[in-house]
Amino acid sequence: MISALTHAARLVRAAFVFAREGVFGVVDPSLVPPPGQLALRMARLVERRGAKSGPRLSRALTRLGPAYLKLGQFLATRPDVVGVAMARDLESLQDRLPPFSQAEAEAVVAAALEKPVAQAYTSFGPSVAAASIAQVHRGEVEKDGVRKQVAIKVLRPNVAARFRRDLSDFFFVANEAEAHSAEARRLRLVEVINTMSRSVAMEMDLRLEAAALSEMAENTRDDPDFRVPTVDWDRTTHNVLTMEWIDGIALNDHARLAQSQVDLPELGRKVIQSFLRHALRDGFFHADMHPGNLFLDDSGRLVAVDFGIMGRLGMKERRFLAEILLGFITRDYRRVAEVHFEAGYVPGHHSVENFAQAIRAIGEPIHNRTAEEISMAKLLTLLLEVTGLFDMQTRPELILLQKTMVVVEGVARSFDPKLDIWTVADPVVREWITQNLGPLGRVQGALAGAGELGRVLGGLPAIASRTVSLIEQFETMAREGLTLGPDTIAAIKRAEARSHRWSVLALWVIAAALVGLLWTAH
């Protein structure tokens with residue numbers, strides 16, 4: 001009860017900030033039940049002057065602090081939860097906060113590396129970028145008499161405690177929503193917050209970001225168009241990440257790209273095909289590929305930075321993605337529908353033919369059209385409507401992939417407005433299908449299946465032994481009944497006593513409130 005009151009108090013503060021920034025002003029009152037309409041009108045009374053202009057939700061989330069800022073960024077990848085319009089608004093949410101002081105940064109680095117900053121780095125400059133979880137400094141290290149420039153990412157002091165507190169509020173809201181709303185259960189709001197929580201936990205351990213960099217470096221070492229910065233493991237800990245400094249041209253710096261006479265349509269092709277190779281070939285992709293996180297180096301290769309948000313796809317999801325993309329490319333909508341059913345994403349009681357018809361409504365408007373003619377927002381809206389209509393449960397990994405594809409296509413389109421994503425994707429998708437679903441892929445799959453079958457057969461004696469033991473325990477329970485140990489009985493009694501005390505306290509509170517009301521009436 002005390003925990004619920006604590007959550008409620010913090011959420012009331014958040015609601016007040018939303019009201020002050022005019023967030024409730026964008027809600028359509030006709031979609032809200034009558035009690036909620038009254039609450040909306042009351043919330044509008046506390047709007048500050050000027051709140052009706054600009055990105056209201058972004059302002060409110062920034063005011064509420066790092067966890068809410070990260071929640072907004074995460075929900076931008078979940079249009080199935082917040083709606084396409086709000087997701088598009090949240091895409092512009094900038095993860096920029098005032099930097100913490102140089103002295104604090106140096107203290108974090110010295111404690112993490114267990115040596116003075118001057119011993120770890122030849123130079124340690126001021127912050128060049130600050131976000132909700134960490135900030136980046138430019139520095140230099142010396143090795144074998146050679147100086148190298150490095151980027152030093154430093155975790156914000158005490159950020160973990162702040163995130164834990166706010167995440168507990170998000171879980172409280174998600175649990176309450178799922179307890180009272182079938183739509184919330186379909187959207188799996190608790191799983192949404194769980195996914196965000198895991199993502200944030202990984203972002204707050206900079207060793208994990210370094211590991212993601214290292215893994216992608218191995219995956220892409222033979223790629224001619226893509227690379228990642230190298231990690232300095234000797235100067236990397238939980239709170240500090242040191243890596244190669246990238247001097248390339250940021251893909252959002254169109255002026256420098258024009259001055260360098262870069263082949264922009266070719267650059268757009270590199271962005272899309274690199275992403276698809278990572279997703280299909282490796283099952284491991286950068287899930288925040290906005291142009292500020294992508295650079296073009298002197299050799300013409302793409303270089304990605306900021307590996308805090310990564311996506312993974314298992315072989316089942318990769319096959320699903322490849323066959324879906326190939327189905328759209330070849331206009332085989334029946335096969336696209338069948339893949340959804342084979343993967344178990346659409347319940348079997350629905351009709352494959354009806355689902356194929358719905359998929360056709362998505363695919364036909366975009367076939368043989370350039371990206372300039374396609375409204376990705378409308379396409380995404382229709383897709384989400386279709387998945388809801390056919391009871392398709394939310395797949396967080398696929399939603400993240402889908403959203404990243406939209407961002408990547410937007411980056412590529414900024415370099416070539418006439419780019420056709422399907423034509424560019426075709427060779428990458430067909431190559432993967434040939435290698436994994438063609439004759440060679442079937443042979444490899446059969447060998448892998450034989451190995452798995454061997455492991456299962458090898459484990460049969462242990463499974464049989466555990467089954468016999470379990471049957472004997474059930475027989476004993478049937479003869480003698482369920483026996484509880486003394487510790488279990490004592491724990492049950494304590495729980496009942498606590499429940500009784502809270503019930504009595506609640507009755508006294510209600511009684512006091514009634515007395516107060518009667519006294520006021522007199």
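A residue is called exposed when its relative accessible area is over 50%, buried when that area is under 20%, and partly exposed in between. The exercises below concern a predicted model.

**Exercise 1.** Determine whether E114 is buried or exposed, and state where E114 is located.

*Solution.* First, locate the residue: E114 belongs to the loop that joins helix 7 (102-113) to helix 8 (117-120). Next, consider the backbone: E114 is not a glycine, yet its phi is positive, at about 60°. Finally, apply the cut-off: the relative accessible area of E114 is 72%, so the residue is exposed.

**Exercise 2.** Carry out the corresponding analysis for D306.

*Solution.* D306 is placed in the loop between strand 9 (302-304) and strand 10 (310-312). Its phi is positive, near 60°, although the residue is other than glycine. The relative accessibility of D306 is 28%, and therefore D306 counts as partly exposed.

**Exercise 3.** Classify the aromatic pair formed by Y121 and F124, and then the pair formed by F341 and F355.

*Solution.* The model holds five aromatic pairs. One of them joins Y121 and F124, with 5.9 Å centre to centre and 50° between the planes, and is tilted. Y121 is buried at 3% relative accessible area, and F124 is buried at 12%. The pair of F341 and F355 has 6.0 Å centre to centre and 80° between the planes; planes over 60 degrees apart count as edge-to-face, so this pair is edge-to-face. F341 lies in helix 16 (residues 333-342) and F355 in helix 17 (residues 352-363), so the pair ties together parts 14 residues apart in sequence.

Technical notes
Residues numbered from 1 in each chain as written. Predicted model: local features only at pLDDT ≥ 70, side-chain atom pairs only at ≥ 80, totals over all residues. Heavy atoms only, no water. Helix = DSSP H or I, 4+ residues; strand = E, 2+ residues; numbered from the N terminus. Buried < 20%, exposed > 50% of the residue type's maximum accessible area, 1.4 Å probe, protein only. Phe/Tyr/Trp six-rings, centres within 6.5 Å; stacked < 30°, edge-to-face > 60°.
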